[in-house]
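Subject: Structure handover

Hello,

Here is the structure I promised to pass on. My notes follow below it.

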Amino acid sequence: MKNAHKLLTEMKYDVGSVDKGYTNRTLYINLSENKIESKPVTEEVKEKFIGGRGFGLYYLWNAVNENTKWNDPENEVIISSGPIGGITQYPGTGKSLVVSLSPLTGVPIDSNVGGYFGPYLKFSGWDALELQGKAEKDVIIYIDGDNGRISIEEAPLEETDSHLIAEHLTEMYSDSDYGKRNISVVSAGKGAENSHVGLLNFSFWDLKRKALRIKQAGRGGIGTVFRDKKVKAIVVKYSNTKGDSNKPADRNKVVELGIKLHKEIHDLDDKQNRMRKTGTAYLTEIMNDYDLLPTNNFKFGSHPDAHKISSKEFSKWFQLSGSDGCWFGCTLACCKVVPDFEVLTGPYKGQKVVVDGPEYETVAAVGSNCGIFDSQYVLESNFYCDTYGVDTISVGNITGFCMDCYEEGILDKEKTGGLELTFGNKDAALELLHQMARGEGFGKIAGLGVRKLKALFVKEYGADAEFLDDIGMENKGLEYSMYMPKESLAQQGGYALTNKGPQHDEAWLIFMDMVNNQIPTFEDKAEALFYFPIFRTWFGLVGLCKLPWNDVVPADNHTRENAQNVPEHQENYVQMFTAITGRKMENADLINQSAPVYHFQRVFNFRMGYGSRENDSAPTRSIGPATLEEYLSREERYDKQLKEIVGIDPTEMKAEDKFQAMRKFRRDQYNQLCDSVYARRGWTKNAVPTLETLKQWGIDFTEVVDVVKKHL
Ligand code: SF4
């Protein structure tokens, strides 16, 4: 296979050394021109954009203009780790942040992912990789961080599906079996090629299990952009990873902070969320218990069969004897694995494969949201989504939406090419997934995502546009992640008032809001929707995983003021940043560092023609009952709310009238929330950051101000 590679171009370079978390240069590759260049990173860029997602947004801004579309050669895929990324003494420090213009939304998407690529890229000499242009034929990019050489090679023979190509390339570029741990591969798959919901897989070699593992930068179709550029894979090789490869300013402090958190995980994880045993799958039963588990396209929040896809069920499949950290030193080790899974359908039928996960989001998306409660099916779907390179969250939403439309009579067997897309039909769900990956049949249009499907069903099948807007779970074109926000106004905003679209990594407020009632007023919710999206942005700037922040907490956390912020962990982060970079940092700087990037991203949306209040609108099903059936399924609860909160006595009212009254009330509440949040964020009523806000956060650059002025 390697003999068939044709070298298109190469660049030799001095690998150099990391200095306090940075290499101070980025790697720019233009695939149209076969150009490879080193670019300096200035102190100003480090100061303002920090790294990771910040670097991604900054370089993307410079690469595109207001007319650029996702599939124009100017669009970039940018991968960056961040200054903390790559240390081995503290849990959760191996994340890469990927940024691109999304095929689903038309605005920047950012997605974070584990695996070894980001740290190895940095140790190989690069704070970020900018990929621009389009190759003529399928290529592989090889970054040899051991010898300081980068090449672009035509690679005609490799399969594109990730479990194959990542393994082939790991084998091809490693010197020995042990050396496989020094290779990381970024790949997509045929599904990324044939749909708009493509993801990127980042690999690492699991030394104990002798198995190739892949983690996903899942959201927003980044894998689709990658394959559109005709990149089959990027391989990085770096063999000298050491405890001080990130060259921190104060290594002893880093070690001290790491020991503290490792001990906490060791002592408390089993009593708290059991991440080391079940990964995020523990959330399934909790969400089901609180009526928050998306079921049948977000119609309902629980199901009597949910136990069949609970963490208890998946624990029977997991093999816990190996290493489940997605980077060295993560003792929270949540990346569970089913190493000898026998595939029952599709092109790999009969083969034994490695399934990474499933994570909670996948279980809920392809499982309960499609009305399917079968662990074998969830694993099968998880494997295929990953190897095809498609996002489980989007696929689960698309399938659930199509099943809903089928049951509503908008779709039928003739329109789906024979697929009987009823809730619970796992065979039809899997066949739809295979079709999406092949770009064939009904799957070809399904792979365009919920927003485009809604428009198509209206145009081609005469469906009611308002009804589809009610039940189609997307905002800005991105499908919803897997928490039912109907009964939490704050979470409704946490999803729809995001920059990239409804992904819970910006704000996860359901428990604070709905369960613990900690943020009862509009002002409280607005404060939370100011603070958390901005604070959570910080993780993506520095290369950290969020899970060790609040999936394990100190034993005395509940005694601290603002316990929901996990103050001790925040204090650790502040000290960690200083220990790595040598830059002084106070607690308030967590916000001071990320607010400029957050507001910059909103302005970026405006620059691309989106960003305003109408783009923050939420589907009815995310803010309350979208159908009479849903109202009646919780009639007692909604009647009580009408009486006690809305001030309407429902006793003599017809069900339809009660449903309409609740619908109107919820919509009004959501609009009031938007006003409060925009005011707190320093945006106009149309969601435009004001000139004062740009100045306050130091992003009043001429180009940014010019974009904003057009919308004031
Ligand atoms: S907590 Fe899980 S996802 Fe986060 S870094 Fe550790 S292993 Fe990776």
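Start with a helix pair. Glu361, Thr362, Ala365 and Val366 in helix 11 make contact with Thr392, Ile393 and Gly396 in helix 13. By class, that contact has 3 nonpolar, 3 polar and 1 charged residues. Please keep in mind that this is a predicted model.

Now the geometry. Helix 11 spans residues 360-367, and helix 13 spans residues 392-407. They pack at an angle of about 20 degrees. Their axes lie 7 Å apart. Angles under 35 degrees count as roughly parallel, so helix 11 and helix 13 are roughly parallel to each other. Their crossing is left-handed.

Next, Lys215. This residue sits in strand 12, residues 211-217. Is Lys215 buried or exposed? Its relative accessible area is 6%. Buried means under 20%, so Lys215 is buried. Leaving aside residues up to four places away in sequence, Lys215 touches Val113, Gly114, Gly115, Leu200, Asn201, Phe202, Phe204, Cys326, Cys335, Asp356 and Glu359.

Last, the ligand. Which residues are around the ligand? They are Gly92, Lys95, Asp324, Gly325, Cys326, Cys330, Leu332, Ala333, Cys334, Cys335, Cys545 and Leu547. By class, this shell has 8 nonpolar, 2 polar and 2 charged residues. Cys326 and Cys335 are among the residues around the ligand, and Lys215 touches both Cys326 and Cys335.

Best wishes

How values were computed:
Residues are numbered from 1 along each chain as its sequence is written. This is a predicted model: local features need pLDDT of at least 70, side-chain atom pairs count only at pLDDT 80 or more; totals for chains, interfaces and linings use all residues. Side-chain values use heavy atoms; hydrogens and water are left out. Axes are lines fitted to C-alpha atoms, for helices over the stretch in contact, and angles run from 0 to 180 degrees between N-to-C directions. Helices (H or I, at least four residues) and strands (E, at least two) are DSSP runs, numbered from the N terminus. Angles under 35 degrees count as roughly parallel, over 145 as roughly antiparallel, 65 to 115 as roughly perpendicular and the rest as oblique. A crossing is left-handed if the near helix is turned anticlockwise from the far one by less than a right angle, and right-handed if clockwise. Contact means heavy atoms within 4.5 Å. Ala, Val, Leu, Ile, Met, Phe, Trp, Tyr, Cys and Pro count as nonpolar, Asp, Glu, Lys and Arg as charged, and the others, Gly among them, as polar. Buried means under 20% relative accessible area, exposed over 50%, partly exposed in between (1.4 Å probe, protein chains only). A residue is near a molecule or strand if one of its heavy atoms lies within 4 Å of it.
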